[in-house]
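Please look over the chain shown below before reading on.

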Amino acid sequence: MCNLVTLLLLVLGLTSLSDGVFPSIPGVQQAFDDHDQCFCKLQGGIDDCLCNVDTVDTFNNNQLYPRLNSLLSHDYFKFYKVDLGRECPFWSDDSKCAIRYCHVETCGESDIPPGLKGGAENVSKKNRYTEEAQNFHEGCDTDTELGYLNTTISAAAHAHFLEWEHFDDSNSENFCDESGYLGSNAAYVDLSLNPERYTGYKGDSAHRIWHSIYRENCFRPKATFKAYIESAKLQGMCLEKRSFYRAISGLHSSINIHLSSRYLLSDKSSLGLPSPGGTWGPNLAEFYRRFSPEHTEGEGPNWLQNLYFLYILEMRAIAKASPYLLRESYFTGKSEEDKMVSEAVRDILKVIKGFPHHFNESTMFNGGKQAIKLKNEFRQHFRNISRIMDCVGCEKCKLWGKLQIQGLGTALKILFSGRFDLVLKNMDITKVSRNEFQLHRMEIVALFNAFGRLSTSIFELENFRKLMR
C-alpha cells in the first residue's frame, strides 16, 4: 500500500521518490495492514468522562467542525496579538527552524481592522505623542536639572518587586502569565497566513520543551522515570492531578496530529522546479511514528484518547461561559461582519449546549484547605508552562504553542477560578461588571482557536483512519 500511495502522489505531481513522504520506518507496512493499532483506544468510554469516543466523533465531524472552521476565518478570530520576542526565562536557546516555512509574518498597520486597533478615539489620543506633536516652540521654558527623572532603584527594592510578583501570581485568577500576550512588544498576527504545520523543529531543543513540561510541571506519581506518565499509573493519582496530565498530553497529541496532517511533502512543483509555497498534506508514516504502540512503548493510543478528554474539557468551558460570550459584540469595525460573527457564535453555543455529556468540573477541588492548596499548585504549574512557551526555538511553533496554551488557560480560568461560578450563581450575567469577571479579547480569540485546533485534530484522525484502511 505504501508503494501504491507513493506512486499515486507521483502521478499527481505531489512528490518525488527522494522526498521521503513515507520514510523507512520499521513496521510501518505492517501498520497499514493492521490499521487499528493506533486507534485501539478510540472506542468506548473516555477516561474520567461520561461520554464515549463515537459520540464525540459524530458530534464534532458532522456538527461542530464545519461551524468552527467557518467562524475562525473571520477577522475577529484570525487576528491574534502576541509577543513572540520575549526571551526564555529558564535557559538560553539559539535553536533555529529546519525549514524556511517556520517564519511568522506579523501584520502591518493597514492589515488590521480598525476595531482591533481601538477605534478612532484611541488613534487620536495616540497621535498626541507623535514626534510632530512633541516639538516645542523655541520660546518654551525648560530646565533640564529641575526636569531630571531619577530612575535609580535599589537592589533591595528589586527583591521586593519579585515578592510582589509572586504574591500577585498566587492571588491571580489567571492560569497564564499574561505579560507574554499583552506586553508593549506584542504584535498582531494573521493566523490564516501562518497555519500550524510541520516546521522541522525537533532534536534537543524541542525535547527540552516537552521534557520540562512533563517532568518539572506535571504532577507525577512516585517511581516514574520517563518524561510521560504511564497510563497504568494514572489511576493511582487523584482526579485533579491526572486531569492536569491528560490535558497536557491531549494538547501534545493534538499538536502532533497537526504536524502529521500538514506535512511538507515536497518543496518542488510537478515539473521539478522549486515551489514557493511547497506542497503540504498528510504523512501517514509520520503519524504512525508518533502514535503507534510499537514506537511509543504502547502509550500512543492512550495519548490519542487524551485528546478527547481535552476536547470535552474545553467544550465544557465554552458552554459554561456561554452567557458571557453571548453578550460580547465581537467588534472589528465592520458592522456586517460583526453581526455575522455574533450570529455564528450564537449558533455554535447552541450546538455545544446540545451535547449530551459535558465534563463535570464540580467533582474537582472539593475538600477544604487541601483542595484550595491543590488548586493553587494546579494554577502555578500551568502558569509556568505558559512561560516555557517563550523558550520554543521555532517562531511558528511558538505562535501556536502560546495560542493553544492561552486557550487552555482561559478554559481553566472559566472552570476553576471560582469567580465565574459566583457570578452565575448570584447575579444576572448581563448586569455583571467587568471588574467581577472578565475575558479580554485575546482570551476569547485564543479560547475558540484552541478549541478549533482540537476539533480539527479529531476531524483529521478520521482522515488518517481512511488512509490506513
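A residue is called buried when its relative accessible area is under 20%, exposed when that area is over 50% and partly exposed in between, with a 1.4 Å probe and protein chains only. By this rule, 50% of the 469 residues of the chain count as buried. This is a predicted model, in which local features need pLDDT of at least 70 and side-chain atom pairs count only at pLDDT 80 or more, while totals for chains, interfaces and linings use all residues. Residues are numbered from 1 along each chain as its sequence is written, and side-chain values use heavy atoms, with hydrogens and water left out.

The chain holds 18 helices and 4 strands, where helices (H or I, at least four residues) and strands (E, at least two) are DSSP runs numbered from the N terminus. Contact means heavy atoms within 4.5 Å; among contacts between residues at least 6 apart in sequence, 80% join residues at least 24 apart.

Two helix pairs are set out here. Their axes are lines fitted to C-alpha atoms over the stretch in contact, and angles run from 0 to 180 degrees between N-to-C directions.

| Helix pair | Axes come within | Crossing angle |
|---|---|---|
| H8 (residues 204-217) and H15 (residues 369-388) | 11 Å | roughly 170 degrees |
| H11 (residues 284-291) and H12 (residues 300-320) | 8 Å | roughly 100 degrees |

Angles under 35 degrees count as roughly parallel, over 145 as roughly antiparallel, 65 to 115 as roughly perpendicular and the rest as oblique. With axes crossing at roughly 170 degrees, H8 is therefore roughly antiparallel to H15. On the H8 side the contact is made by Ile209, Ser212, Ile213 and Asn217, and on the H15 side by His381, Asn384, Ile385 and Ile388. These residues divide into 4 nonpolar, 4 polar and no charged, with Ala, Val, Leu, Ile, Met, Phe, Trp, Tyr, Cys and Pro taken as nonpolar, Asp, Glu, Lys and Arg as charged, and the others, Gly among them, as polar.

Phe287, Arg290 and Phe291 of H11 meet Gly300, Pro301, Trp303 and Leu304 of H12, a contact with 5 nonpolar, 1 polar and 1 charged residues. H12 is mostly covered, as 20 of its 21 residues are buried.

Asp75, found in helix H4 (residues 75-78), counts as buried because its relative accessibility is 8%. Leaving aside residues up to four places away in sequence, Asp75 touches Pro113, Leu116, Thr332, Lys334 and Glu337.
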